[in-house]
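Please examine the sequence and the structure shown below.

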Amino acid sequence: MHDHGPLAWSVVPLDLSADPIALTAALVDIPSESRHETRIADEVEAALREQTAGYEIVRDGDAVLARTNFGLPSRVVLAGHLDTVPVADNLPSRFDGDHLFGCGTSDMKSGDAVFLHLAATVTEPTHDITLVFYDCEEIEASANGLGRIQAQLPDWLQADVAILGEPSGGYIEAGCQGTLRVVITASGTRAHSARSWLGDNAIHKLGAVLDRLSGYDARIVDIDGCTYREGLSAVKIEGGVAGNVIPDAAALTVNFRFAPDRSPDDALAHVRQVFDGLDVHLEQTDVAAGALPGLRNPAAAALVAAADGMVRAKYGWTDVARFAALGIPAVNYGPGDPNMAHRRDERVAVAQITAVTDTLRRYLTT
């Protein structure tokens with residue numbers, strides 16, 4: 001047995017036809033912290049090769065891709081990451097009443113289990129299916145395996161709709177917000193605090209910035225029946241030299257979560273407008289575009305119908321934005337409460353695993 005992470009132990013081969021609740025537990029019991037996904041990728045690849053029919057299968061690093069080529073009129077991507085955040089004394093998995101506990105239960109091995117189970121048990125789909133299980137989603141974006149696949153194997157991401165199995169509480173969470181960060185800096189003149197009138201306090205200048213943030217009226221917008229609420233928030237402040245010095249520099253980091261009908265350029269222009277006229281300097285440090293829900297697309301509308309209209313907007317940024325950039329409608333849909341992700345007591349309601357499996361089975365076969 002090879003050690004592919006801080007924890008590793010023997011597990012039985014994955015049984016894709018087993019109840020997806022049991023399959024979730026089996027996946028969780030394979031430690032797969034980011035950059036240590038080789039073993040779980042090996043297990044997933046072996047199971048797909050041995051237990052599915054009609055799938056073309058490719059291994060790319062620690063990502064596993066599989067697809068049917070039946071010539072059906074539409075194609076659906078089912079995508080999920082295999083990695084987790086570091087283990088926090090929460091392996092192996094354990095059942096407790098109606099929940100399965102363990103690292104990755106919610107984010108997002110329960111979603112992976114649903115996709116793997118459907119690959120093995122849906123033998124006559126009405127859509128061609130592409131499975132994408134990728135690595136390094138939980139760390140810096142430059143390491144994200146989906147980005148690597150997009151660059152090196154772009155044809156594997158082409159589809160009419162993409163479903164990411166991120167935890168969504170059993171709701172279809174459509175699209176996602178964009179995110180932008182700026183650093184607002186103020187400059188002044190140092191002086192001894194006993195003679196403060198001889199200086200120009202940079203921290204005080206940020207007070208006007210904070211006033212604008214406190215009075216900010218966040219926009220609420222409806223897109224395809226999904227309500228997105230924007231937010232402009234101070235998330236970090238730096239400044240000060242010593243307890244007896246008037247500071248000559250101060251900086252405030254501001255995060256703008258914007259609705260997906262704004263482009264990154266539009267979002268930056270809006271932020272600049274909010275702080276227009278203040279004696280500060282504003283510099284963008286990070287940005288990621290949002291993703292429109294695209295629910296009017298026929299393939300996406302059929303998914304909404306299969307889920308009995310359980311749809312809401314996605315708050316936060318996810319990899320659906322990568323598909324949106326390719327012009328592919330994408331949604332988050334998976335078991336698990338996103339608020340449980342990354343916690344020591346991470347868990348998933350087993351009833352949600354069953355419900356999501358049943359919904360996607362209806363969607364893929366009708």
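## Thr357 in helix α9

Thr357 belongs to helix α9, which spans residues 350–365; helices (H or I, at least four residues) and strands (E, at least two) are DSSP runs numbered from the N terminus. With a relative accessibility of 4%, Thr357 counts as buried. Buried means under 20% relative accessible area, exposed over 50%, and partly exposed in between (1.4 Å probe, protein chains only).

A polar atom of the Thr357 side chain lies 2.7 Å from the backbone oxygen of Ile353. Apart from neighbours within four places in sequence, Thr357 is in contact with Pro20, Val114, His117 and Leu118, where contact means heavy atoms within 4.5 Å.

## Basis of the model

This is a predicted model, in which local features need pLDDT of at least 70 and side-chain atom pairs count only at pLDDT 80 or more, while totals for chains, interfaces and linings use all residues. Residues are numbered from 1 along each chain as its sequence is written, and side-chain values use heavy atoms, with hydrogens and water left out.

Helix α7 covers residues 298–306, and its buried residues are Ala299, Ala300, Leu303, Val304 and Ala306. These residues lie on the same side of α7 because they cover an arc of only 160 degrees around the axis; the arc is that of the directions from the helix axis to the C-beta atoms. Pro298 and Ala305, on the other side of α7, are exposed. The partners against which the buried residues of α7 pack are β7 (161–164), β8 (172–174), β17 (311–313), β18 (330–332) and α9 (350–365).

The N-terminal end of α7 is capped by Asn297, with a side-chain oxygen 2.8 Å from the backbone nitrogen of Ala299. Just after α7, Asp308 has a positive phi of about 55 degrees.

Ala79 is found in strand β3, which runs over residues 75–81. Its relative accessible area is 0%, so Ala79 counts as buried. Not counting residues up to four places away in sequence, Ala79 touches Met108, Phe115, Val132, Tyr134, Ile163, Leu164, Gly165 and Phe323. One of these, Ile163, is 84 residues from Ala79 along the chain, yet the two C-alpha atoms are separated by 6.2 Å.

Asp60 is part of strand β1 (residues 55–60). Asp60 has a relative accessibility of 13% and therefore counts as buried. When neighbours within four places in sequence are left aside, the contacts of Asp60 are Leu65, Arg148, Ile149, Gln152 and Leu153.

## Backbone features

Most residues other than glycine have a negative phi, and most peptide bonds are trans. Two cis peptide bonds may be noted here. One joins Leu91 and Pro92, with omega about -5 degrees; Pro92 is in the loop between β3 and β4 (94–96). Another runs from Asp107 to Met108, with omega near -10 degrees, and Met108 lies in helix α3 (residues 105–121).

Cys136, a residue other than glycine, has a positive phi near 60 degrees. Cys136 is placed in the loop between β6 (128–134) and α4 (145–152), and at 7% relative accessibility Cys136 counts as buried. His342 is not a glycine either, and its phi is positive at about 75 degrees. The loop between β18 and β19 (347–349) holds His342, which counts as partly exposed at 44% relative accessibility.

## The chain as a whole

The secondary structure of the protein chain consists of 9 helices and 19 strands. Taken along the principal axes, the C-alpha atoms fill a box of roughly 80 × 45 × 40 Å. Of the 366 residues, 53% count as buried. Among contacts between residues at least 6 apart in sequence, 78% join residues at least 24 apart.

The accessible surface of the protein chain is about 15500 Å², and 50% of it belongs to carbon and sulfur atoms; such areas come from the Shrake-Rupley method with a 1.4 Å probe. The protein chain carries 29 positive and 50 negative side chains, with the centres of the two sets 5 Å apart. Lys and Arg count as positive and Asp and Glu as negative, while His and the chain ends are not counted. The place of a charge is taken as NZ of Lys, CZ of Arg, CG of Asp or CD of Glu.

Conventions:
A polar contact is a pair of N or O atoms within 3.5 Å; within protein, one must be able to donate a hydrogen and the other to accept it, and residues adjacent in sequence count only if both atoms are side-chain atoms.
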